[in-house]
Amino acid sequence: MSETTVAMNEQEQLATLWFIAARAMAVADGTVPAVKEASAGLYAQAILGLSEETCRVAKSPESIGNLTLVDCLAGVHALPRELAEKIMTGVMMIAFADGHMEPLEVRWASMLASACEMTDEDFQRCCASARVIASMFNPTAPQVEGEE
Amino acid sequence: MSSEQGSNFEFLNRYDDRVSHLGAQAEQYVHTDPESCLFKLRLMVEMMARRLVELQAPRLADLDLIAILRSLEQYGMLPKKQADGMHAIRRDGNAAVHGSETPIPTAMRRLRDAHRISAWYCSMIHRGLKVHPSQFVPPPGPVQKDDHSQAMHEAAEALEDQIDDRRRATREGLLLFNEQEDVPTEVHRIVSELEGLDRVAQAAGEPLVDAEFVAVVMAMEMEQLLEHPTLGLDTREAKREAEKQFQRIKDGFELRETLYAEERRALMLYHQRERQDRHTREN
């Protein structure tokens, strides 16, 4: 068994942490772009290995309702290194999905990487993987809307 | 459908008569030839999608239907509910074209979807227009001749319900927010928290992985991403765009730093004056 294989309720906790971290990155510019929205669930199921049901439960008000970003940072800090890096990679994938970066996206990435106690090299590695995954998710170019 | 009942798509005549005509044809076939009904509906969806793309992003007009729908979704021009309905018509229409047998209840559901989508479509092609189509009335079909056909009909309905539930469950699993959540309020809450974290970093010092380093790494990766064939920027353009984005972030940090320093200076001055006033009063 892989060290990342965890019990069911831990899976739900992982899913909850993932969705908080992913939401923060996705909405940091104040909007919810569709390209970022769908990739969050795909990443959860394909890379984090979470089931569809676990993802649904994680987003229920009982699971996610009262948690803040600080709770998320504390939760990520307590995760095994491998899982924390996967979350970081996924969050960066979401940041890259629209080909654009915003100050609060940078801040959230910095906070999350610090909570994971990453070195600069770890963070760079996560970003490189995230960019590769983002390119597979059919990213959008900045400022396409409104073009004639 | 009976000659007394008008088409559910009559309201569309004023806005797009070709689409309205296809809808009416689909209604006529729903009981007698459900495959043809789906074929007409698929064509109807394709026409609507192409018209929307011509109006909003003409460079996408040469793509095939699935790529057009995905692009419209990505650019936020196609809400989830309408996208689901259009994809369902596209999928079932393709299956019908390739010879899959289509139960009447399936065709009827897609007809209902098309009716809902067409009202939204009108409001999109005539911006701001409020369209109030009459409620969808299922075209009347022949009376079920025997129990067996009735049972088959009910089984197909039940299967359609199951498929709808499955699709809904998959969507709920994938999306960032539940359908019941008040998304704008949640977004506002998260952004406020992020701003709070930003102020903490400003006052207490950067965390272990500092923001400027993060911005540099992100800009480098963004440059490579912008050269990806999907985004289509050449090397120079990608570099310029990444540098522009990095500079904007850096300028933001510097401005924030300046404002913070000014705020601190003002606070210090205030306390200094307070102390002086107190000293004057005491003497």
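Close-up 1. B:Ala151 counts as exposed because 11 other C-beta atoms lie within 10 Å of its own. Along the chain B:Ala151 and B:Ile68 are 83 residues apart, and their C-alpha atoms are separated by 39 Å. This is a predicted model, in which local features need a pLDDT of at least 70 and side-chain atom pairs count only at pLDDT 80 or more, while totals for chains, interfaces and linings use all residues. Residues are numbered from 1 along each chain as its sequence is written, and chains are lettered from A and ligands numbered from 1 in the order in which they are written.

Close-up 2. For the model, the scores are ipTM 0.87 and pTM 0.75. Chain B is divided into domain 1 (10-142) and domain 2 (206-282), with bounds that come from an automatic or database domain assignment. Taken over C-alpha atoms, the centres of these two domains of chain B are separated by 47 Å.

**Close-up 3. The contact between chain A and chain B.** Here 56 residues of chain A meet 45 residues of chain B, where two residues are in contact if their C-beta atoms, placed from the backbone, lie within 7 Å. On the side of chain B that touches chain A, the elements that give two or more residues are helix 3 (65-74), helix 6 (147-174), helix 7 (183-204), helix 8 (211-226) and helix 9 (235-282) of chain B. Helix 8 of chain B provides the largest share of that side, 11 residues. By class, the side of chain B that touches chain A has 28 nonpolar, 10 polar and seven charged residues; Ala, Val, Leu, Ile, Met, Phe, Trp, Tyr, Cys and Pro count as nonpolar, Asp, Glu, Lys and Arg as charged, and the others, Gly among them, as polar.

Close-up 4. Chain A has eight helices and zero strands, and 55% of its 148 residues count as buried. Its helix 7 (residues 103-115) has 13 residues that should span 18 Å at 1.5 Å a residue, which agrees with the 18 Å between its end C-alpha atoms; the expected span is 1.5 Å times one less than the number of residues. In this helix of chain A, 13 of 13 residues are buried. A:Trp108 is placed in helix 7 of chain A and counts as buried because it has 30 C-beta neighbours inside 10 Å. Not counting residues up to four places away in sequence, A:Trp108 touches A:Ala24, A:Met25, A:Ala28 and B:Leu194.

Close-up 5. A:Glu117 is found in the loop between helix 7 and helix 8 (120-136) of chain A. Its phi is near 55°, a positive value in a residue other than glycine. Most residues other than glycine have a negative phi. A:Glu117 is partly exposed because 13 other C-beta atoms lie within 10 Å.

**Close-up 6. The largest nonpolar core.** A nonpolar core is a set of buried Ala, Val, Leu, Ile, Met, Phe, Trp, Tyr and Cys residues joined through C-beta atoms within 7 Å. Of the 76 residues in the largest one, A:Ala21, A:Val76, A:Val91, A:Leu112 and B:Met218 touch the most other members. Helix 1 (residues 8-26) of chain A gives the largest share of this core, 11 residues. Leaving aside neighbours within four places in sequence, A:Val76 is in contact with several residues, including A:Leu17, A:Ala21, A:Ile87 and A:Leu112.

Definitions and conventions:
Helix = DSSP H or I, 4+ residues; strand = E, 2+ residues; numbered from the N terminus. Buried ≥ 20, exposed ≤ 12 C-beta atoms within 10 Å, placed from the backbone.
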